[in-house]
Amino acid sequence: MNHHRRRIYVASAALLACLLLGGIFSWAMLQNRFTSRIAAVKARGEPLTYAELGAIYPHPPADQDTTDLLIQAGEALAASAKDAAWRPLPFISEGREPPQVGQPWAELALAEKFLTDNATSVRQLHEAAALGCLARFPGVTTPDAVGAVLNYASPLRCAARVLRLESNVRAHSGDAQGAIEAVTAGLTLQRSLANEPLIISQLVRLAMFGSAAHELKSTLGSIPYSDDALARVHDILAGIDFHRGLRPAFMGERVFGLATLENISSAHPRATNILMKITSAPDKSRYLDVVNDYLDATEKPWPDMLSDSTLIELKYQGNNSHWHVLSGGIGPTFMAAINAVSRAELVRRLALVAVAVEQYHHRHGVYPADLAQLVPEFLSEVPLDPTDGQSFHYRTENGSYDLYSTTDAFPLPSGESVDLTTGANPSFLFRMPSRRNHPLPNNPIKKSAADRHTKTWAADGH
């Protein structure tokens, strides 16, 4: 009996030893894999520490740095917007969308008062836009980056809404030039976050662009743009590169993710710390694999970047376990960012073509029969749909036109349905009415920027 027990003990000890040796061997293999992945990142010169991340976050030229202007304007506007008095205003609080230009707007006087009360901040936004909205915000490349981003990104989002409100107020007040200046300032404002090495910052940037692009679409169809204004908007849209912002943002997320994993494993007593280092090895290695795959995808042009990212998502989908605490969530985060960037790029390309169509109309008195007529006079080439590489749809009739994409790559906006005439998602439809339907005269009221942002509306009887 004792001999039998001894054999059981020996067998059990041998099994445990094998399991332990196997575990040690597996951990060593994973650790070696992790070390080789880290070495590859270093060989590419990509950041792995906060200091290295700070080195890829560029400083604007001193004479073009608008950081302080934007912080001051954003903070002041965000604080003002919390006042319950402005609750009926669209974009600022809970107000409904303004009516079309030329139609009565019950909240117009209140909106004018908001702009008057915040004239200094609005003027600062326009000053920053005139300088190009280049900025480098503090705290971005530190462990407290999320808190730092919320301190300035949320106010900037509010500033974008204020510029959209301003555009509506100027247009309803007969000041087409002022409305256009607000639109161009809004389109420029997104540049302030273009170099941010964080996904959250890039998402805020896309939201700011979306607000300005929506206003551009509205004003193109409701107020007269001059040749100079169209050229200015064309240059701004052509200069936006959403694709380029993805790589530093993904690299930044890798820095923060690795720091998080290290902090998790070191924030325990020594014995537990050893265990955490062992159990975190699979997560760290897989985390680097996921990030590297998505970084490789960002090097592809559209639509390959979008299709490759979808394959990467499928590769890791359903392959998570309790070992993959961080890596299990980073893939969906990256995929969501790529989808958001692709959506914004689709809107940008449609807007660029729409502006070129308007430029053609200004020069030739009619809309082009097809988009190919825009080349080379207004476009070096007609952009393709970034989601599928296909041509945009375009048709003109009776002095109006529709420009749209029928992609089904993205869901419809909440509460909206497919356009019955074109089958397009309304977010990807530029519909311009006949020029005969412009509610504003072709000679817009001219005001200097100083007058426009310091005007006391009450003095004019509003």
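I shall begin with the chain as a whole, then turn to a pair of helices, and close with the salt bridges.

Please note that this is a predicted model, in which local features need pLDDT of at least 70 and side-chain atom pairs count only at pLDDT 80 or more, while totals for chains, interfaces and linings use all residues. Residues are numbered from 1 along each chain as its sequence is written, and side-chain values use heavy atoms, with hydrogens and water left out.

First, the overall picture. The chain has 14 helices and three strands; these are DSSP runs numbered from the N terminus, with helices being H or I of at least four residues and strands being E of at least two. Of its 462 residues, 49% count as buried, where buried means under 20% relative accessible area, exposed means over 50%, and partly exposed lies in between, with a 1.4 Å probe and protein chains only. The accessible surface comes to about 21900 Å², and 55% of that belongs to carbon and sulfur atoms; these areas come from the Shrake-Rupley method with a 1.4 Å probe, and for residues only the protein chains shown count as cover. Among contacts with a separation of 6 or more, 75% are between residues 24 or more positions apart, a contact being heavy atoms within 4.5 Å.

Let us now consider two helices. Two packed helices are described by the angle between their axes and the distance between the axes. How do the axes of helix α6 and α8 cross, and within what distance do they come? The axes of α6 (residues 145-172) and α8 come within 10 Å and cross at roughly 0°; axes here are lines fitted to C-alpha atoms, for helices over the stretch in contact, and angles run from 0 to 180 degrees between N-to-C directions. The two helices are therefore roughly parallel to each other, a term for angles under 35 degrees. Their contact involves residues including Leu150, Ala153 and Leu156 of α6 and Ile200, Val204 and Ala207 of α8.

Ile200 lies in α8, which spans residues 199-220, and counts as partly exposed because its relative accessibility is 32%. Together with Val146 and Leu150, Ile200 forms a nonpolar patch on the surface, with about 250 Å² of accessible area in total. Patches are made of residues with over 30% relative accessible area and no salt bridge, with nonpolar side chains (Val, Leu, Ile, Met, Phe, Trp, Tyr) joined within 5 Å and like charges within 9 Å.

Finally, the salt bridges. How many are there by the rule used here? The count is 19, taking a side-chain nitrogen of Lys or Arg within 4 Å of a carboxyl oxygen of Asp or Glu.

One of them joins Lys113 and Asp117 at 2.8 Å, N to O. Both residues lie in helix α4 (residues 108-117), four residues apart, about one turn of the helix. Lys113 is partly exposed at 45% relative accessible area, and Asp117 is partly exposed at 44%.

A further bridge, at 3.5 Å from N to O, pairs Arg247 with Glu299. Arg247 lies in helix α10 (residues 242-266) and Glu299 in the loop between α11 (270-298) and α12 (304-316), so the pair ties together parts that are 52 residues apart in sequence. Glu299 is exposed, at 54%. Both residues belong to a network of salt bridges that also links Arg44, Glu46 and Arg254.

Thank you for your attention.

Terms used:
Angles under 35 degrees count as roughly parallel, over 145 as roughly antiparallel, 65 to 115 as roughly perpendicular and the rest as oblique.
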